[in-house]
Amino acid sequence: MNQEHSKVVISHHHPVAASLKRYLIGFILSLYLTSLAYILAVRHNLTMYWLGGTVLGLALLQFVIQLICFLHLGTETKPRWKLAVFWLMILVVGILIIGSLWIMAGLNYRMSPSQVNQYLRGQDSL
Amino acid sequence: MSAAASSAEQLARALSAQRDKDDKSQLGFWIYLMTDCVLFATLFATYAVLRHNTFGGPSGHSLFRPGYVLIETLLLLTSSFTCGLAILTARLQRRKYVLSMLLLTAILGAAFLIMEVTEFRHLVTEGNSWRRSGFLSAFFTLVGTHGLHILTGLLWLSVLLVKISRQGVNAVNLKRLTLFSLFWHFLDLVWIFIFTFVYLFGVSGL
Amino acid sequence: MQLLANVLIGKLNWHALQHSAVTMGGVAAMAFGLLAIAGALTYYKKWRWLWREWLTSLDPKKIGVMYIVVALVMLLRGISDALLIRTQQVTSVGSAHGVIPSDQFQQVFSAHGTIMIFFAAMGLLFGIINLVLPLQIGARDVAFPFLNSTSFWLYVAGAVLINASLAIGDFSAAGWLAYPPLSETQYSPTVGVDYWIWSLQIAGIGSLLSGINFLTTIFKLRAPGMALMKMPMFVWSVFGSMSLVVFAFPILTVTLTLLALDRTLGMHFFTAGGGANAMMYVNLIWAWGHPEVYILVLPAFGIYSEVVATFSRKRLFGYTSMVWAIWGIVFLSFTVWLHHFFTMGAGADVNAFFGIMTMIISVPTGVKIFNWLFTMYRGRIHFTTPMLWFIGFMVLFTIGGVAGVLLAVPPADFQLHNSLFLVAHFHTMIISGVLFGYFAGLTYWFPKIFGFKLNERLGKYAFWCWLSGFILAFVPLYFLGLMGATRRLDHYDASMGWRPMFIVAGIGVLIICLGVALQVLQLAVSIWQRRENRDTTGDPWNGRTLEWSVPSPAPVYNFAVVPKVTERDQFWADKNKKQKTKNTEPTYESIELPKNTPMGIFIAGFAFLFGFGAVWHIVWLCVVGLLGVITTIVIRSNDEHTEYHLSASEIKKLELAARGDAV
């Protein structure tokens, strides 16, 4: 394709000013969320109260922000294949991680000698 | 048909064909990124299962240095932002700015990688290598896989830099640059979870 | 001196070439086959033709045929392994110890499973999709033709690597899924498991790339007007299957890598000790493994949908419910994987959940079976070979399926896990579901690709041999399993009373081999008789979907004019309207097609070098392989002239030649 065509093709993408705002907002919010999570984690022990959950929430929030601001998720024209494949991925990842953790927790509990001894001594119920 | 009309028709067709190609490439690459998400999810699941298996050795609580990792995080986040700026300037066809933004992205990315390799070396020389325990195997593999992706990205970026400096921002280079930016942003996304689950949680013994 | 040898050739030494008689027999057969092919190519001076017409082609029809050829060769290798297993289990009773020693037997059944799943079944799957998918959606190619070629050659690289293990070194003795700690260095110190890891890793990447490719093809390259609910059912089944590929294969990639890291870098993911957890391997490998079996069977179901509709002269019953059934299966296949390790001890609540989900997944499959039956009901049925494969499937799959529902009950599974009952169950599903389906598809679409039909009579004989052979080979196994026989037995006491059943099973496999021989004969005879069986219309079966609207063999560009779709079974609708509309001369436009390229071969070649180096710890070879892959990719990306044009007049000429007067 020659230069003329190239220039016209390129200028048909999304307008630039709106995109700049998007990137800036994403960047600044991410900086903020990162620092917040960091401060919470170093000043406190995350095992206390809901701090662990809060930091997790901050991570998820930043994830969504970067998805929308940097990766432009949700801006494609119909049919929204990227979005559909994204949701399927989230579903599979969710099942894989939660499923694996549940399975391994059960296995580790029942298949580790210390836990089984506790059970046998009547100090625990399986 | 007049020459002007047929040329306009040709242009419209070329435009549509190129846009179709771009869309196809972007969708294919996006699907690849989704598979990479599942890849990292598997590594995260493995890390989650093995994270307390220190086999008598040190845990994340004693090994991780959050301040150091914060700097790494900020470097990577900024490089993700400069990459976005590179895309914007590419759409405006400002080749010089594109090159400088990409160069900045590369430098920040390289700095991140150097810090990470230094951290790894430090751990290894102290006797806490990937052979030490299940926890450390999982740690090095998860964070190391991310690092390998960054390295691949830097290699890709250098090829792009050479191409754009030689050929300018034409349609093909813009398409490839866009794919690269998707990749680079994706790596920062994965890092959010490494930063949170490995380092921040690890420091608290979660 | 030793150090130099270590650096140059790693762990490789002359010992790697020392083999038993049986193994040498296998190597000799392989070598003979390769020499025969090379000899024929040299004698007929066809090397250049092979390179130009086939190996470097990016035409998915050519790539599809190559996949199928390699897959069928691997199928033969897998069946040879099966013969060895059956022979061993007939002869290794009481004081006799069979035809091969125990450790070799373990390599044989490990190779059997690995080759059948990863190279025979997956190869046939991707081959058939390559042949049929673009044609059925009215497209000219897949989304990424070069990636397609690379995927194929990566698959070949994996196949070469696993066959190399027969000649150089040994193979894994840890089963087709190589559970640790047995597969760790401590208990499998030889290169066998490494061969297993790297041949699967390389082929697996090819599969993953194909998944991305075919999904994008379905999303983006459908003919104008072909909405999702107007796609042929085979395309829907590929859509479901490739969605599974894309989300399941990364799990395999990671799991293989972790095992490799344990073995090569001394990590502790799954070792016995060091803070590892071998149970996590079982969890992860089956999180991939269960979707994998649905990856294989869904397109087979899709083939059955096409075949049943065509040979019942009726449209498929319950199109919408079929689509829902596919997606139900896709979703559920990610929620059942623990049923492969009920006995590992996760607890009653975990087992109950996965047991229930496993039972539920039989429902959408049941929906499909009923829909096929309703399609046949009141149809005008033609008992062609593909239809016979389907009917054989219906009967056997139902039986195997209910055995599966039995196994889904955890307490029952505690008795039957790893027994021959299980082995009979999954072979029933895979052979009657996947293999019969692929055989039906190959017979059905053969004329479209090659321009002539396969010999019907020999096809039917082959089917009856497969059906009766299968019943004899596997029904005894159900009983043996219930009687307490476990899988992978290389010897048993005469007092068990199992021998007669094993003999029956052995006879069954021999009958299957007769079936295979008939299929080979069928191919030879069909080629011999190709002029009599020529498909002159492009529509030898009175089909319903778009692929039958192009001449046979299909031209490289598939469709001279991009078809317009307004309804399901567009071709069937057009045919039945034909009397009313006049045939106007179509307007041709120039078409862009991808040029041939050897780059895919080079990428896979370098990947093979990397794999071989990884197996034998030859570091420089790994470096060369890795750098080679990267360099080839960069060079290819610099290539600006990857396509060529067929002008409108050239297309017109080709169309006239293909169709004769009926343009």
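**Entry 1. Chains A and C**

I began with the contact between chain A and chain C, which takes 18 residues from chain A and 25 residues from chain C. The model I am reading is a predicted one. I looked up the area next: chain A and chain C bury about 2000 Å² between them, and carbon and sulfur atoms carry 83% of it. On the chain A side, I noted A:W81, A:W102 and A:I103, which supply 32% of the area that chain A buries against chain C, more than any other three residues.

I then asked which polar links cross this interface. I found 0 salt bridges between chain A and chain C, and I counted 3 residue pairs in polar contact, both residues being at pLDDT 80 or more.

**Entry 2. Chain A by itself**

I turned to the fold of chain A and recorded 5 helices and 0 strands. Read from the N terminus, the elements of chain A follow the order α-α-α-α-α. I checked burial and found that 38% of the 126 residues of chain A count as buried. For the surface, I noted that chain A exposes about 7300 Å², with 67% supplied by carbon and sulfur atoms.

**Entry 3. Chains B and A**

I moved to the interface of chain B and chain A, where 54 residues of chain B are in contact with 50 residues of chain A. The two chains bury about 4700 Å² between them, and 82% of this is on carbon and sulfur atoms. I noted that B:W30, B:F81 and B:R91 supply 14% of the area that chain B buries against chain A, more than any other three residues.

I then asked which elements of chain B form its side of the contact. I found that α1 (3-50), α3 (66-91) and α6 (171-203) of chain B each supply at least two residues of the side that touches chain A. The largest share, 18 residues, comes from α1(B). By class, I recorded 37 nonpolar, 13 polar and 4 charged residues on the side of chain B that touches chain A.

**Entry 4. Salt bridges in the whole structure**

I searched the whole structure and found 12 salt bridges over all chains. Side chains of opposite charge can pair when their charged atoms come close. I noted one network of salt bridges, which links B:K21, C:E592 and C:E643.

I looked at two pairs within helices of chain C. C:K460 forms a salt bridge with C:E456, the closest N and O atoms being 3.5 Å apart. Both residues lie in helix α15 (residues 456-482) of chain C, 4 residues apart, or about one turn of the helix. I recorded C:K460 as partly exposed, at 28% relative accessible area, and C:E456 as partly exposed, at 23%.

In the second pair, the side chains of C:R659 and C:E655 meet in a salt bridge with an N to O distance of 3.1 Å. These residues are 4 residues apart in helix α20 (residues 648-659) of chain C, so about one helical turn separates C:R659 from C:E655. I found C:R659 partly exposed, at 26% relative accessibility, whereas C:E655 is buried, at 3%.

**Entry 5. The surroundings of C:K61**

I followed C:K61, which forms a salt bridge with C:D59, the closest N and O atoms being 3.1 Å apart.

I located C:N558 in the loop between α16 (499-528) and α17 (570-577) of chain C. I recorded C:N558 as buried, with a relative accessible area of 2%. Leaving out residues up to four places away in sequence, I found that C:N558 touches C:K61, C:P134, C:L135, C:A139, C:R140 and C:V550.

Terms used: Residues are numbered from 1 along each chain as its sequence is written. Chains are lettered from A and ligands numbered from 1 in the order in which they are written. This is a predicted model: local features need pLDDT of at least 70, side-chain atom pairs count only at pLDDT 80 or more; totals for chains, interfaces and linings use all residues. Side-chain values use heavy atoms; hydrogens and water are left out. A salt bridge is a side-chain nitrogen of Lys or Arg within 4 Å of a carboxyl oxygen of Asp or Glu. Buried means under 20% relative accessible area, exposed over 50%, partly exposed in between (1.4 Å probe, protein chains only). Accessible areas come from the Shrake-Rupley method with a 1.4 Å probe; for residues, only the protein chains shown count as cover. Contact means heavy atoms within 4.5 Å. Buried area is the accessible area (1.4 Å probe) that two parts lose on being put together, summed over both. Ala, Val, Leu, Ile, Met, Phe, Trp, Tyr, Cys and Pro count as nonpolar, Asp, Glu, Lys and Arg as charged, and the others, Gly among them, as polar. A polar contact is a pair of N or O atoms within 3.5 Å; within protein, one must be able to donate a hydrogen and the other to accept it, and residues adjacent in sequence count only if both atoms are side-chain atoms.
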